[in-house]
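Please view the structure first, then read on.

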Amino acid sequence: AVVSTQSCHYGRGTRKFMTNRLLCRKQMVVDVLHPGRATLPKTEIREKLAKAYKVTADVIFAFGFRTHFGGGKTTGFALIYDTLDKAKKFEPKYRLARHGLLEIKRSGRKQRKERKN
């Protein structure tokens, strides 16, 4: 699917699509073509995937994006959960924190070092 935005065409395709029934999700490798443009924000990639797979953007977790040499093409990974509850159950805490679904409370470095002794 090639989509036009800001006078710049870019396509988004998925490969190695797999339905993982045990973890209640669909997982895939995502290829984003964005010639003449910097790497796309993950929020934009999530919105495009949500539209393509007819789900809401909050159940999509995109990560691990690497831009190919010379730019114009980026490859990463995406997980689409069946429900938000399943995502909260199976996703690692740091990825939930990135989405704002979990608040990680960390004390100061000095306090942690003191606690060690």
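With which residue does E91 form a salt bridge? The partner of E91 is R95, and their closest N and O atoms are 2.9 Å apart. This distance, like the others below, comes from a predicted model. Both residues of this pair, E91 and R95, are buried.

| Salt bridge | N to O distance |
|---|---|
| R15 and D31 | 2.6 Å |
| R37 and E44 | 3.3 Å |
| E91 and R95 | 2.9 Å |

Consider R15 and D31, whose side chains meet in a salt bridge. R15 belongs to strand β2 (residues 8-20) and D31 to strand β3 (residues 25-33), so this contact ties together parts that are 16 residues apart in sequence. Are these two residues buried or partly exposed? R15 has a relative accessibility of 38% and therefore counts as partly exposed. D31 has a relative accessible area of 11%, so D31 is buried. The cut-off needed here is that buried means under 20% relative accessible area.

R37, at 22% relative accessibility, counts as partly exposed. E44 has a relative accessible area of 16%, which means that E44 is buried.

Terms used. Residues numbered from 1 in each chain as written. Predicted model: local features only at pLDDT ≥ 70, side-chain atom pairs only at ≥ 80, totals over all residues. Heavy atoms only, no water. Salt bridge = Lys/Arg side-chain N within 4 Å of Asp/Glu carboxyl O. Helix = DSSP H or I, 4+ residues; strand = E, 2+ residues; numbered from the N terminus. Buried < 20%, exposed > 50% of the residue type's maximum accessible area, 1.4 Å probe, protein only.
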